[in-house]
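Here are my notes on the strand pairing and on a few backbone angles. Please check them against the coordinates.

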Amino acid sequence: MLTLFALAPLAAAAENQVLVWDITLDGREVGHRTETVKYLTNTDGSVRRILEVWTEVDGSILGFKYSFRERLTADISGDVASFHAVADLSGSVTEVQARRGATSWTITTNFDGRETTREWPANSIDLSTADLIDPATSTPIGQFDQVRVLSAETGDIYEGPVKRLGESTVVVDAKTLVVEGYSWTSEDGVEGKLWYTPDGFLAKYEMEVMGRRLIGTLADPPPAGTDGNPVSGSATGITEVNL
């Protein structure tokens, strides 16, 4: 198995943030995603973020078999995140390590024990799926009309157009959040939708899994910022394991 990239000496720069998304499949709750965002200071005074993410989904019902577990650690000191991820999709394990150097990306994947390493020019990747859940990313998907996304789940690069869905609202724990929505469709026709608060927190996401609709929604409102206070409104009514 691959090893995590080494971290330089760090000190705490800000309070950690913990975000949890409840995940449903065709309206049935099937799992959760938990993310801890750590803001740290390098010895030279620059700030970096560490994302620690655990996702667990069990959507196996009535003959439909789908399970997904992923442990993701991302290191963001510049624009696009470097990361290490281990994912188990219905029994098939994939490990991906992506590191960005001055001129190129080095991406190593290990799929069920078969390891490969590829080099890509630095400008061949616009963002990764880790950046999509980073509330302080400097490369939000909304700045692109066409985007190349590095998948932390497979190590592949997917390209496709970004469509703006406009402003709407998402209800989170009986509070209504104003969000901006985007859809992204990869070249193989897979569409994902994401809704962000003005402060960059991913409030909701939606994707298709084997013909079924998987949705992740924040369980609690994110920390309020200068533009991210929820508007008034109402709504009706992890245990980590080694992969």
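1. Ser168 has Val179, in strand 12, as its bridge partner. Strands here are DSSP runs of E of at least two residues, numbered from the N terminus. The model is predicted: local features need pLDDT of at least 70, side-chain atom pairs count only at pLDDT 80 or more, and totals for chains, interfaces and linings use all residues. Residues are numbered from 1 along each chain as its sequence is written, and side-chain values use heavy atoms, leaving out hydrogens and water.

2. Strand 11 (residues 157-172) runs antiparallel to strand 12 (residues 175-185), with 10 bridges. Pairing requires at least two DSSP bridges between two strands. The two form a hairpin with 2 residues between them.

3. Asp173 lies in that loop, between strand 11 and strand 12. Its phi is positive, near 50°, and the residue is not glycine. Most residues other than glycine have a negative phi. Asp173 counts as exposed because its relative accessibility is 51% (exposed is over 50%, buried under 20%, partly exposed in between; 1.4 Å probe, protein chains only).

4. Strand 12 also pairs with strand 13 (residues 191-196), antiparallel over 6 bridges. Glu180 has Tyr196 in strand 13 as its bridge partner. This hairpin has 5 residues between its strands. Gly189 there takes a positive phi near 90°.

5. Asp112 sits in the loop between strand 7 (104-111) and strand 8 (114-121). Phi of Asp112 is also positive, near 50°. At 41% relative accessibility, Asp112 is partly exposed.

Notes:
Helices (H or I, at least four residues) and strands (E, at least two) are DSSP runs, numbered from the N terminus.
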